[in-house]
Amino acid sequence: MTAVTPELLTRFDVPGPRYTSYPTADRFVEAFGQEDYALALAQRHLGTGSKAMPLSLYVHIPFCESLCYYCACNKIITKHHDRADVYLRYLSREIDLHTAQCGVGQVVSQLHLGGGTPTFLSDDGLCELMSMLKRSFTLAPGGEYSIEVDPRTVNAERLALLAELGFNRLSFGVQDFDSEVQKAVHRVQPAEQVFALVESARTIGFDSINVDLIYGLPRQTPESFDRTLSQIAQLRPDRIALYAYAHLPERFKPQRRIISAELPTAGAKVAMLSRSLDAFIDAGYVYVGMDHFALPTDALAIAKRQGRLHRNFQGYSTQPDCDLIGLGVSAIGRIGATYSQNAKTLDEYYDFLDQGRLPVVRGLALNRDDLVRRAAIMALMCQGELLIEPMEQAWLIDFKKYFAAELDRLKDMETQGLVELGSEGVRVTPMGWFFVRGIAMVFDRYLQADRTRARFSRII
């Protein structure tokens, strides 16, 4: 971080997409509906790809018992666990509608339960959900099967059940160990509780344990976050996801409960990020990219070394670039050259399924330019380089002519030491990895045409 100047940080302290997809979800349109999605599923089933390429599944569980003030996820706050029983019945209907289109027994190599709080489900509920999925899909041996865990909702026995059900990866939501910060965001969970759970998870034998952290929260200081970083180094999870808090109270109602005056300054946020990067590297972690770190022995770090890194709606992944079925309220999916998103409210989601219809309310059919630019952006985000020859062979383009405007814009980044432009293509420098979102934004045709970026989180 010593090479990163204040001027450079100021320049990149702008909103920008995270590029879990391209085009980004804000480009989805209501003109793409459930009929288009059903057609994409049917085409996949008829094509040879359905047998050769495994699926990825995402299941959204929206319920939480209490509200975290920083949260921007689609969630429903309730202590009535019977609401989850109703939700599971509707999930079963949605799964049946999918298998009607693409057949029973499609191979799945990646499953992720997100939320909300997936561990809001009771033990019986988790068993029922996994039974539904295994009845309709074939979970491949050696796949990645992960679940987001609120430490306040599990104990060692529940972790053992998750392992029995087939989950081999856990992600614990920590955010910050500082008690004052936890109070300010309405998420109090003692560090001792997390340490005990991680120890239990290791004893049980989970393949990978991730911890989520957030910097930029109210009452955080670089010094207080240093203490959290020290505890994380002691905890030594296999992976760390470090996110910048995006304060957008005009968009996310829960954030209005955060006192703006308690938020750290931009300078303090940069210091936290800089010190986090140093602390994780000193602790032996590999900087995978953007906000992900992993131990050298973790599959994510190995994939980075071998050039096998991929990126999807859940972030960086070791799994090949495969079709994704999103299940549940607000879930996003990708089938072939299409993206889709389910209804965002329970009432609308239930209404679609009561009518026997897939609950897709918006999406996008990608055109050829979208596909070319998606390939370019993902190459930069995952491999840190965009090579001319493979792009020309894959897409039958004249690279330098097709991306003439983009290459011209990158010249300024080259003078800043963020990229190297050569005869073989574009390479992200070690310092450039820190600003890889900004580099990818150069290739975003929609973003270049629309300078209204306030809907995105800030890069720094």
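The discussion below concerns domains, nonpolar cores and cavities.

Mentor: This is a predicted model, in which local features need pLDDT of at least 70 and side-chain atom pairs count only at pLDDT 80 or more, while totals for chains, interfaces and linings use all residues. Residues are numbered from 1 along each chain as its sequence is written, and side-chain values use heavy atoms, with hydrogens and water left out.

Trainee: How do you know that the chain is divided into domain 1 and domain 2?

Mentor: The bounds come from an automatic or database domain assignment. Domain 1 covers 1–19 + 367–459, and domain 2 covers 31–327. Their centres, taken over C-alpha atoms, are 27 Å apart. The contact (heavy atoms within 4.5 Å) takes 17 residues from domain 1 and 21 residues from domain 2.

Trainee: What makes a set of residues a nonpolar core?

Mentor: The members must be buried Ala, Val, Leu, Ile, Met, Phe, Trp, Tyr or Cys residues joined through side-chain atoms within 4.5 Å; buried means under 20% relative accessible area, found with a 1.4 Å probe on protein chains only. The largest such core has 121 residues, of which L91, L129, L133 and F167 touch the most other members. Its largest share, seven residues, comes from helix α13 (residues 368–382), a helix being a DSSP run of H or I with at least four residues. Both domain 1 and domain 2 contribute at least three residues to this core. Another core, of 11 residues, lies apart from it and includes L67, C71, V185 and I258.

Trainee: Which residues does L133 contact, leaving aside its neighbours within four places in sequence?

Mentor: L133 is in contact with L57, V59, I95, L111 and L327.

Trainee: Why is a space called a cavity?

Mentor: On a 1 Å grid over the protein atoms alone, a cavity is a set of points where a 1.4 Å probe fits but cannot get out, and lining residues have an atom within 4 Å of a point. Two cavities of 30 Å³ or more are present. The largest holds about 50 Å³ of space, and its lining includes Y37, E94, H98 and Q341. Strand β15 (338–342) supplies the largest share of that lining, three residues; a strand is a DSSP run of E with at least two residues.

Trainee: What lines the second largest cavity?

Mentor: The lining consists of S92, I95, D96, M132, R135 and S136, around about 30 Å³ of space.

Technical notes
Buried < 20%, exposed > 50% of the residue type's maximum accessible area, 1.4 Å probe, protein only. 1 Å grid on protein atoms, 1.4 Å probe; cavity = no way out; pocket = protein on both sides within 12 Å on 5 of 7 lines; lining within 4 Å. Points joined across faces, edges and corners; volume = space filled by probe spheres on them.
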